Amino acid sequence: MDNLRLKFSKTGRAIYISHLDLLRTMQRAFLRADMPLKYSEGFNPHAQLAFALPLSVGASSLCELLDFKLNGFMELSEIAYRLNKALPEGIEALEVYESENKFKNIKWLDVEGIFEYDDRTSLDMLPGLMDFFARDSIIIKKKTKSGINDSDIAPGIRSIAFDTSAGRVKLKAVISAQEPTLNPELLSSALEQLAPELKPDFASFTRTQIYDSEMNIFR
Amino acid sequence: MDKRLRRILPRVQKPARYTGGEYNQIIKDKAQVDLRMALVFPDTYEIGMSNLGIRILYGAINEMPGVWCERCFAPWGDMEDEMRRASIPLWALESGDPLTAFDAIGFSLGYEMAYTNVLNMLDLAGIPLRSAERSSLTPLVFAGGTSCVNPEPMADFLDFCFIGEGEEMDKELLTLLRQAKNQNWSKQDFLSEAAKIEGIYVPSLYEPIYNDDGTLKELKALEGAPEFVKRRIVTDFDTAYFPTKPIVPSTEIVHDRVTLELFRGCIRGCRFCQAGFVYRPVRSRDKDRLVEQGIESLESTGYQEITLSSLSTSDYRPLSGLCDGLLDFCVPHSIGLSLPSLRADNFSLDLMSKVQQVRKSGLTFAPEAGTQRLRDAINKNVLEEDLLNTCKIAFEGGWNNIKLYFMLGLPTETDEDVLAISELAMKVLWLWKSHASNKARGVNITVSTSCFVPKPHTPFQWEAQVDMEEYRRRVKLLRENMRAKAISYNWHDADTSLIEAVLSRGDRRVGAVIEEVWKTGGKLDSWTEYFSFERWIKAFENCGIDPKFYACRERTSDEVLPWSRVDIGVKPEFLWSEREKCYRAELSPDCRNKCTNCGALSMMNGGRCDG
């Protein structure tokens with residue numbers, strides 16, 4: 001069975017599993033679930049697995065996508081059921097379906113962020129945060145392979161909204177998933193660089209939905 | 001998860017080491033648990049999770065109803081700094097609870113260089129280092145593992161030590177602890193009772209008394225202490241517990257594969273080898289049972305590699321059949337089978353060709369010494385002819401990567417023996433030149449030497465280690481004679497070996513040095529990033545202890561050794577006679593040729609030794 005796509009979540013203790021380790025973890029889960037993955041041909045055969053978008057260590061997600069190919073036939077619901085018994089704590093198979101859309105058509109991501117403020121009132125931070133992210137351009141220093149470059153993150157933010165509860169500001173944003181990729185962690189590093197008085201004591205993010213360029217949910 | 005921890009984890013290297021949550025971890029309901037044990041490995045997660053002993057004990061202890069055993073490993077330096085800054089005490093992986101919440105804290109002590117880590121981890125947990133400073137019954141702090149065959153250097157820090165194999169001892173100890181907790185025993189009462197369990201050594205029940213020259217006069221057994229603590233073994237290896245649902249780490253570890261344990265003990269009796277004496281007698285596991293355990297483990301983990309573990313794989317009688325049985329499952333599932341610890345003979349090569357159908361990895365042999373005389377003296381039963389013949393066949397078969405391991409500083413070694421190492425390497429190179437099937441690929445011959453460390457309970461336990469200057473001179477001599485480009489030469493540092501020699505044959509006074517090293521910043525001493533020879537030397541000076549007294553001094557046959565209260569099973573008279581045979585360059589037969597009456601058979605309660 002080719003063109004299979006798994007939607008899974010990565011939360012809790014599993015958010016510290018790195019991208020490379022996740023690949024190994026998934027391969028082993030398929031083997032434990034007694035579902036033989038298709039391997040590539042050649043001198044160094046490897047399982048044909050492809051993740052949609054790499055997720056940073058420490059970030060949670062409710063919408064990770066993994067493409068895979070299986071030898072033999074199995075009911076799609078059976079695949080998800082078996083995987084769930086074979087996955088480690090914090091990784092949950094949500095759905096398995098036949099993919100029709102290529103990963104390159106992914107464009108936008110819904111992310112939820114939590115900014116924690118220890119000794120400041122979160123409500124007081126709101127106006128500053130709203131003003132900051134309403135700017136037309138937010139130019140930050142970004143480390144790349146070729147050194148430290150200036151990068152404008154404003155075009156990568158399609159929308160952003162804030163809400164508060166005790167000690168924390170919750171944000172909901174639609175950001176660019178690829179071309180250009182906007183790592184949500186840059187939202188808090190932008191504050192650190194340009195508006196340190198707004199910088200939270202700790203920021204964490206969760207991916208909640210993936211869209212194409214027309215803002216249709218990407219499947 | 002603790003909020004402070006959540007903030008730290010994204011900043012440290014490889015955070016998945018510190019979170020637990022792996023597949024096959026054991027989680028229990030605290031309401032159903034009345035005893036909690038932390039199984040602590042005093043090194044990093046990657047090393048500790050690769051240790052088969054930890055996996056066996058974790059599974060075996062968790063089989064006990066009402067007992068929850070969790071894991072704990074040493075944090076890397078960056079994590080330790082963060083933990084200390086945020087005042088997060090050391091925790092166990094499964095529950096995330098601090099070690100102070102546990103009833104029993106058991107360290108696995110496989111090598112001496114981990115000793116400073118034990119102290120560092122106790123400190124990170126907020127637990128007083130010395131046994132005498134811990135007055136309440138729990139948490140009990142103890143250790144087991146190979147280094148514990150000489151428990152004295154760590155005696156002041158540990159409430160007791162396990163001598164030998166832990167599978168059964170652990171359960172007996174925890175059962176006693178349950179009774180003690182229920183009946184509110186004092187720690188003293190508990191330790192007196194624990195000393196009655198075979199294999200448990202309670203240091204506070206023995207008092208060292210010294211002669212004027214600094215040697216031990218007596219290790220006085222106080223009231224209630226057994227004369228000797230007999231090493232504990234599992235006599236029936238077929239029915240012994242083996243974990244077929246091992247934890248699958250979510251991050252890469254050193255030995256990331258299924259490990260099958262073929263047998264314990266070794267028939268060879270190489271005179272320098274501690275494992276060869278302290279794991280006797282030989283007890284094997286049935287071939288079909290092993291195939292079952294292998295398949296079960298592969299299915300429950302999803303690992304794609306399996307390896308065989310023992311002190312000398314070639315000596316497992318049904319090895320060929322075992323490999324066939326495993327390959328029947330492995331080949332159709334694309335699972336790799338690897339065979340370490342093979343002897344340098346043709347049989348091994350055939351077997352390796354069979355299991356390595358795809359890739360040819362390197363071959364590794366350990367002749368240990370360059371001349372036949374010295375190999376005879378250490379009872380390493382390898383003939384040069386066999387080694388060269390194997391290399392020849394290997395080169396013809398397309399192998400072009402050979403590693404040769406040797407030791408420098410073995411008893412009776414002369415410059416002639418040292419130079420013979422380079423001659424042997426040259427002979428191997430010539431063989432390649434005349435027999436290689438594909439010369440275009442070139443050849444890699446790697447020669448490695450380590451510095452011999454005399455170990456307790458071996459025929460060389462009375463020997464002096466060569467001093468560092470002399471060791472370095474021998475390395476230099478060898479280096480100057482190792483000129484071929486295709487041969488690369490690696491040697492171990494003499495300084496770690498000196499410290500290892502002191503710690504392995506130290507007495508109770510050495511504990512003060514370990515503590516001083518830790519106090520001055522010592523930890524993770526098995527890592528070159530952290531090991532500091534200067535720190536150790538300073539600590540010796542500050543404690544008024546001469547490391548050469550322990551490392552470089554020859555003992556007489558009647559000296560009271562710090563480990564003399566430990567009855568390892570092999571008789572000291574046997575060890576002494578083996579030492580004398582070394583000086584006559586005389587071989588001893590292996591256990592299968594002829595029983596040498598070493599004494600270990602007496603531990604089998606009438607069962608047989610598979611020698």
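**Before you click**

This is a predicted model, in which local features need pLDDT of at least 70 and side-chain atom pairs count only at pLDDT 80 or more, while totals for chains, interfaces and linings use all residues. Residues are numbered from 1 along each chain as its sequence is written, chains are lettered from A and ligands numbered from 1 in the order in which they are written, and side-chain values use heavy atoms, with hydrogens and water left out.

**Stop 1: chain A as a whole**

You'll find four helices and 10 strands; here helices (H or I, at least four residues) and strands (E, at least two) are DSSP runs, numbered from the N terminus. Trace the chain along its sequence and the pattern reads β-α-β-β-α-β-β-α-β-β-β-β-α-β. Its C-alpha atoms fill a box of roughly 60 × 35 × 30 Å along the principal axes.

Now colour by accessibility. Of the 219 residues in chain A, 49% are buried, where buried means under 20% relative accessible area, exposed over 50%, and partly exposed in between (1.4 Å probe, protein chains only). Turn to contacts, meaning heavy atoms within 4.5 Å. Among those in chain A between residues at least 6 apart in sequence, 73% join residues at least 24 apart.

**Stop 2: two helices in chain A**

Select A:122-133 and A:185-194, which are α3(A) and α4(A). Their axes come within 12 Å and cross at roughly 100 degrees; axes are lines fitted to C-alpha atoms, for helices over the stretch in contact, and angles run from 0 to 180 degrees between N-to-C directions. That makes α3(A) roughly perpendicular to α4(A). (Angles under 35 degrees count as roughly parallel, over 145 as roughly antiparallel, 65 to 115 as roughly perpendicular and the rest as oblique.) Show side chains for A:L129, A:F132 and A:F133 on α3(A), and A:L187, A:A190, A:L191 and A:L194 on α4(A), to see who makes the contact.

While you're here, click on A:P180, in the loop between β9 (168-176) and α4 of chain A.

**Stop 3: an oblique pair in chain B**

Over to chain B: select 52-62 (α3) and 166-182 (α6), whose axes come within 10 Å and cross at roughly 40 degrees. The two helices are therefore oblique to each other. The contact involves B:I56, B:L57, B:A60 and B:I61 of α3(B), with B:G166, B:E167, B:D170, B:K171 and B:L174 on the α6(B) side.

**Stop 4: helix α9 of chain B**

Select B:287-301. This is α9(B), with 15 residues, and from first C-alpha to last it reaches 21 Å, close to the 21 Å expected at 1.5 Å a residue (the expected span is 1.5 Å times one less than the number of residues). Which residues of α9(B) are buried? They are B:L290, B:V291, B:Q293, B:G294, B:S297, B:L298, B:S300 and B:T301. These pack against α1 (19-32) of chain A, plus β10 (258-261), β13 (305-309) and α10 (319-330) of chain B.

At the start, a side-chain oxygen of B:D286 reaches to within 3.2 Å of the backbone nitrogen of B:D288. Just past the helix, B:G302 has a positive phi of about 80 degrees.

**Stop 5: loops in chain B**

Zoom to B:I127, in the loop between α5 (115-125) and β4 (140-144). B:I127 is buried, at 6% relative accessibility. Beyond its neighbours within four places in sequence, B:I127 contacts B:L99, B:T100, B:I105, B:L122, B:R134, B:P139 and B:V141. Pick B:P139 from that list: a cis peptide bond joins B:T138 to B:P139, with omega about 0 degrees.

Next, B:K455, in the loop between β17 (444-451) and α15 (468-480). Is B:K455 buried or exposed? Buried, with a relative accessible area of 13%. Among the residues that B:K455 touches are B:Q274, B:F460 and B:E500.

**Last stop: a positive phi**

Finish at B:S334, in the loop between α10 and β14 (336-338) of chain B. B:S334 isn't a glycine, yet its phi is positive, about 50 degrees. B:S334 is exposed, with a relative accessible area of 53%.

Technical notes:
A polar contact is a pair of N or O atoms within 3.5 Å; within protein, one must be able to donate a hydrogen and the other to accept it, and residues adjacent in sequence count only if both atoms are side-chain atoms.
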